[in-house]
Amino acid sequence: MSDKKLPERPGKPECGYYLITGNCNQEKKCKYHHPKNITPIEPGLALNDNGLPLRPNQAVCPHFSRFGLCKSGPACKFDHSTKPSSSSSSARK
């Protein structure tokens, strides 16, 4: 866990990244709650730029690969390491 003092904001949603890793990249700027004395769900779990889990030995998250979003967020059991497919790029022949 980080030694940095992270904001406690009772009544606000808990920071999903913090709950999984025990750290928060936003630190004091984060608008979410960081409860004291948490035990990270999966210590050392790598996350992508969107805070979604990288699980290279698991199947790719179908929702993420299609839409670039994940309904389950950091708790998702699928991999989020690939870039979502871009449906906006259409090639003309």
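This is a predicted model: local features need pLDDT of at least 70, side-chain atom pairs count only at pLDDT 80 or more; totals for chains, interfaces and linings use all residues.
Burial next. I find that buried residues come to 31% of the 93 in the chain.

Then I checked confidence. The chain has a mean pLDDT of 79, and 80% of its residues are at 70 or more. Residues 88–93 fall below 50, and I see zero contacts for this stretch beyond near neighbours in sequence.

Secondary structure was quick to note: two helices and zero strands.

The unreviewed entry annotates "zinc finger region: C3H1-type" over residues 9–37 and 55–83. For 9–37, I have the end C-alpha atoms 14 Å apart, with 21% helix and 0% strand. For 55–83, the end C-alpha atoms are 14 Å apart, and the span is 21% helix and 0% strand.

How much of the contact set with a separation of 6 or more comes from residues 24 or more positions apart? I get 23%.

I place Lys77 in the segment after α2 (62–67). Is Lys77 buried or exposed? Lys77 counts as exposed, because its relative accessibility is 55% and the cut-off for exposed is over 50%. I also took the C-alpha separation between Lys77 and Leu52: 9.8 Å, for two residues 25 apart along the chain.

Note on methods. Residues are numbered from 1 along each chain as its sequence is written. Side-chain values use heavy atoms; hydrogens and water are left out. UniProt positions are given in the numbering used here, feature names are shortened, and annotations may be inferred rather than shown by experiment. Helices (H or I, at least four residues) and strands (E, at least two) are DSSP runs, numbered from the N terminus. pLDDT is the predictor's confidence in each residue, from 0 to 100. Contact means heavy atoms within 4.5 Å. Buried means under 20% relative accessible area, exposed over 50%, partly exposed in between (1.4 Å probe, protein chains only).
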